[in-house]
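Hi,

Here is the structure I promised to pass on. Have a look at it first, and then read on for what turned up.

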Amino acid sequence: MKNKINIAIDGPAAAGKSTISKRVAEKLGYVYIDTGAMYRAVTLHVLNTGKGVADNLDDVDIRFSNDENRSIYLNGNDVSAEIRSPEVTANVSEISSLKMVREYLVQMQRIIAAEKGVVMDGRDIGTTVLPEAELKIYMKASPEIRAERRLEEERERGVDVDLSTLIQQIIRRDDLDMTREISPLKKADDAILLDTSHMSIEEVESTIIRMAEEVLKGE
Ligand code: CDP
Ligand code: CDP
């Protein structure tokens, strides 16, 4: 039997990380871990309790369901929809920049990936969480294209928002994520750069599967 590898997928908001990671994991029979959802769940908890972050981390229990929905549970409640609210999106980068939040979640992410066979997406997976991952991808796309992708998603959810607002929000969040002090969003030196601006989901998926098969051949 082939050995399993870990695949790290990083990049800015709406580059396609979670859509592609989910499909790649399914194809390989691997586990998909959305680390952004973990930072969003902590942010939701902080907003809900109104207490400082330090008083909150001890009573945060985060779990994912094992089915294809990959629902996320915060202290036993399914918060998959709530963590995508505009309020959480507006606050998540600030909460994510805090050392104690990052240390807490990074430790959890490393435990999950210890047995390999994980596709993990986020901002610091290739640089910090899994620097030894056998395959690292840094996914990018222009801010305009990423905002258009988000616009389509919001419209499908019935949310009324305009493109220029989404472009501004995406640029602001990228800027916070790239300039924070602790593990900022950055391409790892050994990550493969993949510009998905003009690629279909199927093209991105098959490109990464090919790369994974190449790595697996050498394992
Ligand atoms: O899906 P979207 O691109 O909107 O973002 P996300 O992946 O859900 O991540 C939400 C936020 O969590 C990011 O903007 C980062 O501030 C933070 N994050 C992080 O700091 N480190 C990670 N590994 C993943 C997310
Ligand atoms: O996880 P991340 O924030 O990087 O992106 P996402 O939540 O997967 O959202 C990307 C959106 O762009 C989804 O609605 C996809 O259907 C769409 N898309 C894509 O992911 N990749 C492409 N090559 C083209 C479109």
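Before the helix packing, one convention: axes are lines fitted to C-alpha atoms, for helices over the stretch in contact, and angles run from 0 to 180 degrees between N-to-C directions. Please keep in mind that this is a predicted model.

With that convention, helix 2 (residues 35-49) runs at about 30° to strand 4 and lies across both strand 3 and strand 4. Those strands belong to an open sheet of three strands, ordered 3-4-5 and paired antiparallel. Strand 3 (62-64) and strand 5 (77-78) are its edge strands, each pairing on one side only. Between strand 4 (residues 72-74) and strand 5, the antiparallel pairing extends over two bridges; tyrosine 73 has aspartate 78 in strand 5 as its bridge partner.

Now to the ligand. Which residues come nearest to ligand 1? Of the 19 residues around it, they are Arg40, Arg102, Asp124, Arg173 and Asp177. The shell divides into ten charged, five polar and four nonpolar residues. Helix 2 turns up again here, giving four residues, the largest share of the shell.

A polar side-chain atom of arginine 180 lies 2.9 Å from a ligand oxygen, and one of arginine 150 lies 3.0 Å from a ligand oxygen. For alanine 14, a backbone N or O atom lies 3.4 Å from an oxygen of the ligand. Taken alone, ligand 1 exposes 530 Å², and the protein buries 97% of that. The elements that give two or more residues to the shell are helix 2, helix 3 (86-96) and helix 7 (163-179).

Best wishes

Note on methods: Residues numbered from 1 in each chain as written. Chains lettered and ligands numbered in written order. Predicted model: local features only at pLDDT ≥ 70, side-chain atom pairs only at ≥ 80, totals over all residues. Heavy atoms only, no water. Pairing = 2+ DSSP bridges. Contact = heavy atoms within 4.5 Å. Near = heavy atom within 4 Å. Polar contact = N/O pair within 3.5 Å; in protein donor to acceptor, adjacent residues only side chain to side chain. Areas by Shrake-Rupley, 256 points an atom, 1.4 Å probe, with all protein chains shown as cover. Nonpolar A, V, L, I, M, F, W, Y, C, P; charged D, E, K, R; others polar.
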